[in-house]
Amino acid sequence: MKRLASRALLALAGSFILSGCVTSTVDEMVYNEPTEGIGDATVVILGRRHASDYETEPDFIQCVGKHISSRDRAIDVLGELEFINALYPWFEPRTAPLRPEDIDKLMAQPPVAAKMAELKTEYMIWIDGSTVETNSAGSMTCGIGPGGAGCFGFGTWGNESNYEATIWDFTDRAEVGRVNTSTSGQSYMPAVVVPIPIIAPVQGTACDGIGDQLLEFLSGDY
Amino acid sequence: MSGSMIFVSDLRQPARLLAALALLCLLAGCGARQVVVEGDFPKPLMSPLPLNMGIWYDEEFANHEFFDEAKGRTESTWIVKTGSAQMQMWDIVLGGVFKNLEQMKNAPGSGEMNQVVDAVLVPKIEELQYAIPAHTNVKVYEIWMRYRFDMVTTAGEQIASWTMTSYGKTPTAFLQSDEAAVNLAAVVALRDAGANFATNFTRIPAVREWLEQRQSRIARSKAAATPAAASTDSLPEQDVETEPAPQEAL
């Protein structure tokens, strides 16, 4: 039993040591929050992809969706690609509605209105932002020869995430909330023969932060 | 962070030399980098226009490829083949935009034996540009295309001609090769081309004019066929093919 506890402590200490430090700030502003959750309705999380120099990562959108549906199984989160394909060409970067008022124009088309009714989409969440590398330093040299291979050196780099989620109520054609998260962290990679990556989970922390706030909005249990 | 690789080995033996050369070649990515664009394209969700439209892909379009020769030792030669994906995408998109889509047997022209259709679309790719992070220092892969569409009668007389651009980009991703990223950017650009066409086709002045003329011609011929109806002032427009263009809703 004692051995088991010490192993668990060692694993915990190891995971703490091998992950870099992350600082995260989450701001939230919501109104018209559903008191009983969203019931039978579905929610879709979409990434904004209008900017020329960055793109909201599809895997981040997927991460937020999984975070919400894994914590409250009653919430049905539609897959981004599945939704965009079902409503092609109305949610492409060129044609996607930019304001809640644009939904009316979209719903004026009978096939679109019918598809939305079929999907039972009550909330549409737009996420805009990206994770970028802010700085990097250090150097590493790797060698390979008949006797073996190895690396020596030290590298460090910083990452910063900035994401904003805008919640649209599809029925009322109105914006009902905004959640903003800023996360930064520094990763390290020392190498003495074997490189040991100590990665700061910047994007993962941003995903958890934004996911928790959205969960509070959408779920009746949180 | 910078990295370098040092090879310390005896290269006197030919086998080892060959192996080292092969490895160097692999690491340097020698030879042209080729992408045959592949993707899945959804059918547009819209009320189709009541037109029997023909489509003609000329050989250049059907086998379209983009070739960019390396300008320096650090760059690679690129071949991006889009022809097959272009035809796949336009068949699906135009099949959703128009009530009926016909693949023409021959190029539209006065002496050609072809199917009877309302008009024929002839797409052409006038220009394609691409950018990878090595070119721009921005961590996105981009594809930009300019199309020219000619809408002609089966006899080859021009109805409308217009240009249309499309753009696709994809961010760098861990463990994603340059080829996979360029393919993804091309698929996004093709989707964008389809979206641009589907939402703007009826807004093109020459197309709009042709559609209006066609509607009034159909209305006149229907009125002539039923003289009793023609005598009434209120022509039942909903009976003729005056279904509002889906694009006009936006």
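Are B:W90 and B:F149 buried or exposed? Both B:W90 and B:F149 are buried. The model is predicted, and every value below is computed from it.

**Aromatic pairs**

Over all chains, the structure holds 20 aromatic pairs. B:W90 and B:F149 make one that is edge-to-face, because their ring planes stand at 75°, and planes over 60 degrees apart count as edge-to-face. B:W90 belongs to helix α3 (residues 83-97) of chain B, and B:F149 to strand β8 (residues 140-152) of chain B, so the pair ties together parts that are 59 residues apart in sequence.

A second pair is formed by B:F98 and B:F201. Their planes lie at 90°, so this pair is edge-to-face. B:F98 is in strand β6 (residues 98-103) of chain B. B:F201 is in the loop between α5 (178-200) and α6 (205-225) of chain B. The two residues are 103 residues apart, and the pair links distant parts of the chain. B:F98 and B:F201 are buried.

| Ring pair | Distance of centres | Angle of planes |
|---|---|---|
| B:W90 and B:F149 | 5.2 Å | 75° |
| B:F98 and B:F201 | 5.2 Å | 90° |

What cluster do B:W90, B:F98, B:F149 and B:F201 belong to? They are part of one aromatic cluster, which also includes B:Y147, B:W162 and B:F197.

The ring of A:W126 has the charged end of A:R48 sitting over it, 3.7 Å from the ring centre.

**Helix α5 of chain B**

Why is α5(B) described as largely enclosed by the rest of the structure? Because 18 of its 23 residues are buried. At 1.5 Å a residue, its 23 residues should span 33 Å; the end C-alpha atoms of α5(B) are 32 Å apart, which agrees.

**The interface of chain A and chain B**

How many residues of chain A are in contact with chain B? The count is 37, and they touch 36 residues of chain B. About 2,800 Å² is buried between the two chains. Carbon and sulfur atoms give 58% of that area. On the chain A side, A:E55, A:Y88 and A:R94 lose the most area to chain B. Together they account for 25% of what that side buries.

The rule finds three salt bridges across this interface. A:E55 also takes part in a salt bridge: its side chain meets that of B:K169 at 3.7 Å, N to O.

Notes:
Residues are numbered from 1 along each chain as its sequence is written. Chains are lettered from A and ligands numbered from 1 in the order in which they are written. This is a predicted model: local features need pLDDT of at least 70, side-chain atom pairs count only at pLDDT 80 or more; totals for chains, interfaces and linings use all residues. Side-chain values use heavy atoms; hydrogens and water are left out. Rings of Phe, Tyr and Trp (its six-membered ring) pair if their centres lie within 6.5 Å; planes under 30 degrees apart count as stacked, over 60 as edge-to-face and the rest as tilted. Helices (H or I, at least four residues) and strands (E, at least two) are DSSP runs, numbered from the N terminus. Buried means under 20% relative accessible area, exposed over 50%, partly exposed in between (1.4 Å probe, protein chains only). A charge sits over a ring if NZ of Lys or CZ of Arg is within 6 Å of the ring centre and within 35 degrees of the ring normal. The expected span of a helix is 1.5 Å times one less than its number of residues. Contact means heavy atoms within 4.5 Å. Buried area is the accessible area (1.4 Å probe) that two parts lose on being put together, summed over both. A salt bridge is a side-chain nitrogen of Lys or Arg within 4 Å of a carboxyl oxygen of Asp or Glu.
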